[in-house]
Amino acid sequence: MKKWIFAVLLFGLSWMDVSAVESFPADDGIGMNDLSIVLWADGYTNYLFGTNLTDSWKTPEKALGQAVGNSYDIVGLGRGGEITLTFSQGIADGEGADFAVFENGISSTFLELAYVEVSSDGIHFVRFPNSSLTPNPVGGFGHVDPTLVDGLASRYKQGVGTPFDLSALSATSNTIASGIHEYSPEFVTDFTNNIGLLDFEHVSYVRLIDIVGDGNYSDSGGYAIYDPYPTIGSAGFDLDAVGVINRSAVSGELQTITFEPIPHQQLDFQTLELSGEADSGLPVSFSVSGPAALTNSTLYFTGTGTVEVVASQGGSAVYAPASPVLRSFRIAEQVQHIFVEPISDSVAAPGYFTVQAYSSSGLPVHLYVDSGEGVVGELNHVYVLPSSAGTVTLRASQPGDAFTAPAEDVLVEFRVLETPEDLVGFAEWEAAGDYPALAYSKSIDRFGRDALKLSYELPSVVQGTSRLLVSENLQTWTNAVPEITTQTVTNGMVETELLVPATASNQFFRVQFEGNQ
């Protein structure tokens with residue numbers, strides 16, 4: 001805090017005039033693609049989720065690796081929850097910021113806050129000194145001035161990290177030792193009990209603790225902290241990633257492991273062959289936890305539940321150990337995927353339409369606006385058009401249930417135009433007979449099963465949609481609910497690529513085009 005606040009404390013006043021306080025800089029954020037970031041968290045422990053958090057956000061593995069910078073690829077902490085990320089290669093106190101914390105804030109003022117603590121042994125944690133000068137409670141979707149927040153994550157919107165400098169802990173230690181400071185007795189006691197056990201050259205743990213923003217949590221000076229409250233569903237801090245700028249010294253040449261994400265698996269698939277490689281050429285080993293057994297590189301499923309696989313390379317006389325790569329997936333009785341019918345161009349408000357989205361499991365699909373304007377009903381799929389033109393991307397998800405694994409999210413694009421002059425009615429297009437060419441080929445799906453791949457293009461201005469039908473006798477046709485591998489708008493064409501698992505030996509498919517309802 002600033003000297004002015006210290007003077008107020010001397011006079012024993014319980015209020016503070018924020019307008020008289022010098023604000024903190026809000027221009028020191030670090031972009032997720034900043035070349036100064038040399039590595040990312042490679043493990044986690046002690047994930048203790050708080051309240052008001054749905055199961056779909058309880059995904060700690062999504063905090064590992066590089067920041068993604070969107071609203072969905074995160075782990076939610078819930079109200080008052082916490083997580084500890086691990087760094088096998090360590091964080092060191094170097095020049096400037098040493099690491100950065102990335103949250104998924106949707107704007108530069110919708111800030112959900114968390115304490116940031118570091119440790120070398122995973123037992124004794126030291127909290128960064130922090131200040132929150134927001135004077136009043138903030139509503140559930142209210143705003144926080146980032147210049148009134150310091151030493152907390154996160155002060156920036158998604159894609160931009162809040163920097164932390166380990167030297168701030170040394171400075172705080174010196175300030176406390178001087179006896180002239182503004183910290184609360186609780187902060188001082190906790191800090192002094194742990195700072196002596198921190199190795200500034202090898203920090204291996206970063207802990208994030210969600211701050212419930214109702215004023216019952218305090219900053220280092222004992223002042224109430226306010227952030228958006230109450231929020232539900234994905235309450236609390238939403239962690240995207242933690243990136244390291246200054247790493248601990250290593251002995252040997254650096255190496256990295258390539259180990260691709262593993263899709264959710266179906267129990268009756270029985271096995272999964274693991275594949276990973278190090279750019280050093282040294283062999284990669286695997287370890288597993290959860291309902292699976294490992295023999296060499298083959299994973300055998302032993303039940304349903306969450307499985308975590310870690311790929312490691314321990315180094316050699318030439319190479320330093322690589323950062324391990326953790327992959328998490330669920331084994332369930334069945335897997336599923338999502339199909340969203342292609343969406344044609346529309347005209348800006350007023351107006352609305354219903355998006356047709358299905359899951360292969362029959363479970364309800366959840367829709368969200370991933371980018372662009374407009375509002376969509378999560379479960380009724382009614383999209384209300386915005387007043388301005390632009391490209392809109394919708395995200396479709398299905399979180400699964402006790403029997404079914406979550407589906408991979410699907411992103412679909414469409415355009416909102418200013419005027420209707422360029423739109424083409426479906427009957428007009430049908431009468432012209434300009435039907436798209438349908439390309440198809442044999443393929444395999446992400447589980448290694450034989451599949452049929454179909455692709456076609458449809459002008460986005462045509463007021464119609466398409467779906468894939470399947471039949472075993474050419475008489476009765478039903479919705480095939482294929483898996484979407486591509487659906488984007490490029491140069492006015494909706495490009496669609498579909499994948500259908502070959503589940504029967506005698507199947508016929510057709511793409512059906514029809515006008516918008």
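1. Strands β32 and β33 run antiparallel and are joined by seven bridges; two strands count as paired if DSSP finds at least two bridges between them. Helices (H or I, at least four residues) and strands (E, at least two) are DSSP runs, numbered from the N terminus. Ala 396 stands opposite Val 410 in β33. Strand β29 (residues 366-371) also pairs with β32, in the antiparallel sense and over five bridges. In that pairing, His 366 stands opposite Ser 397 of β32. As a general point, the side chains of a regular strand alternate between the two faces of the sheet.

2. The model is predicted: local features need pLDDT of at least 70, side-chain atom pairs count only at pLDDT 80 or more, and totals for chains, interfaces and linings use all residues. Residues are numbered from 1 along each chain as its sequence is written, and side-chain values use heavy atoms, with hydrogens and water left out.

3. How many of the eight residues of β32 are buried? Six of them are, so the strand is largely enclosed by the rest of the structure. Here, buried means under 20% relative accessible area, exposed means over 50%, and partly exposed lies in between (1.4 Å probe, protein chains only).

4. Arg 395 forms a salt bridge with Asp 409, and their closest N and O atoms are 3.0 Å apart. A salt bridge is a side-chain nitrogen of Lys or Arg within 4 Å of a carboxyl oxygen of Asp or Glu. The pair links distant parts of the chain, 14 residues apart: Arg 395 belongs to strand β32 (residues 390-397), and Asp 409 to the loop between β32 and β33 (410-417). Arg 395 is buried, with a relative accessible area of 9%, whereas Asp 409 is partly exposed at 36%.

5. In the whole structure, a search finds 12 salt bridges. One of these joins Arg 155 to Asp 28, with the closest N and O atoms 3.4 Å apart. This pair, too, links distant parts of the chain, 127 residues apart: Arg 155 is in the loop between β10 (149-150) and β11 (160-164), and Asp 28 is in the loop between α1 (3-10) and β1 (30-31). Arg 155 has a relative accessible area of 4% and is buried; Asp 28, at 32% relative accessibility, is partly exposed.

6. A further salt bridge connects Asp 445 and Arg 449, whose closest N and O atoms are 2.7 Å apart. Asp 445 is buried, with a relative accessible area of 6%, while Arg 449 counts as partly exposed at 28%.

7. Which residues of helix α3 (residues 185-194) are buried? They are Phe 187, Val 188, Phe 191 and Asn 194. These residues cover an arc of only 150 degrees around the axis, which puts them on the same side of α3; the arc is that of the directions from the helix axis to the C-beta atoms. Pro 185, Glu 186 and Asn 193, on the other side of α3, are exposed. The buried residues of the helix pack against β8 (126-127) and α2 (167-178).

8. Thr 172 is found in helix α2 and counts as buried, at 3% relative accessibility. Apart from neighbours within four places in sequence, Thr 172 is in contact (heavy atoms within 4.5 Å) with Pro 129, Tyr 183, Phe 187 and Phe 191.

9. His 124 lies in the loop between β7 (114-119) and β8. Its relative accessibility of 27% makes His 124 partly exposed. With neighbours within four places in sequence left aside, the contacts of His 124 are Val 118, Ser 119, Asn 194 and Leu 197. His 124 and Val 376 are 252 residues apart in sequence, and 46 Å apart in space from C-alpha to C-alpha.

10. Four strands form an open sheet with mixed pairing, in the order β17-β24-β23-β20. Strands β17 (265-266) and β20 (285-289) stand at the edges, each with a single partner strand, so one side of each has no neighbour in the sheet. The pairing of β17 with β24 (residues 325-332) is parallel, over two bridges. Gln 265 has Ile 331 of β24 as its bridge partner.
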